[in-house]
Amino acid sequence: MADRAEFTEASTRATLESAAATVGIDANGAELLRLGSHAVYRLRDAIVARVARTAADVASYRREIGVADWLESVSYPAARAVHVDQPVVVDNRVVVFWQSISDRQDYGTPADVAHLVKQLHALDAPASLDLPQLEPFTRVMPRLDAAIGLDEADRAYLVERLPELQKAYAGLDFVLPAGVIHGDASVGNVILDQSRQPILLDLDGFAIGPREWDLVVTAMYYDSFGWHTKAEYDEFTKIYGFDIMAWPGYETLRSIREYLMVSWLSQKLARARNSPMRSG
């Protein structure tokens, strides 16, 4: 029998099989796709299962399922949860079952992101979802504490920079109305389904907050990293109807998002060095 204390293929497969049996899903022959922050498996009947490392944050998974069910009820093109009683807690881990979107992993374009975000920002989330207010910095220190491979000088800089950015964020004068946001709206979270229609993924970051938060990532990918062309960014702003780079708070918000990206990446140093499989 697998040692379920270790987050390995053998242990997560055992957890998955127990969880699947609980809700009447066939997990025989499940194919491991990724083993990182989650173990991700492809099952029969076009189902994808995600096994979390712990059950410490089960409430967030429950809210994610609630978001998926709400978006399905309004015919919004997002990831669909399988209609079973979930999330399932087994072996002190959370298991969630999703409908597979496509056999291929073809990502959307900045234009697709703009259409999806504009449509999302026109929605009002039901009060029953109890979406949290956006709190950008809550995970920073836990991530830095987990970054055992991070150079101490770099860690000290990131820790010292945190209160400066918190103060800068508190002083921003947002011009778009606050409301429901995705939290990480980018081409990496948009995938094309079998009919080549863009579908929004990763619903765990939904919150109530400034709409600029969902726009700055695409701007940053263009402006800071050159991952999008000017033509792609211009089309993004034309579709959405607002150019965040013309907003006075853009550079501050961009700096905050870049900082959060670094803190997220820092926690993966040790895991990437010690694991033969890349996380996802």
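These legends describe close-up views of a predicted model. Residues are numbered from 1 along each chain as its sequence is written, and side-chain values use heavy atoms, with hydrogens and water left out. Local features need pLDDT of at least 70 and side-chain atom pairs count only at pLDDT 80 or more, while totals for chains, interfaces and linings use all residues.

**View 1. Strand 1 and strand 2 form a hairpin.** Strands (E, at least two residues) and helices (H or I, at least four) are DSSP runs, numbered from the N terminus. Two residues lie between strand 1 and strand 2. Strand 1 covers residues 31-35 and pairs with strand 2 in the antiparallel sense, over four bridges. To pair, two strands need at least two DSSP bridges between them. R34 has V40 of strand 2 as its bridge partner.

**View 2. Strand 2 also pairs with strand 3.** The sense is antiparallel, and there are six bridges. Strand 3 spans residues 47-52. Here V40 stands opposite R50. This hairpin has three residues between its strands, and D45 takes a positive phi near 60°.

**View 3. Strand 2 is mostly covered.** Of its six residues, 38-43, five are buried. Buried means under 20% relative accessible area, exposed means over 50%, and partly exposed lies in between (1.4 Å probe, protein chains only).

**View 4. A178 sits in a loop.** The loop runs between helix 5 (152-170) and strand 6 (179-181). A178 counts as exposed because its relative accessibility is 58%. A178 touches G209, P210 and R211 (heavy atoms within 4.5 Å), not counting residues up to four places away in sequence. P132 is 46 residues from A178 in sequence and 13 Å away in space, C-alpha to C-alpha.
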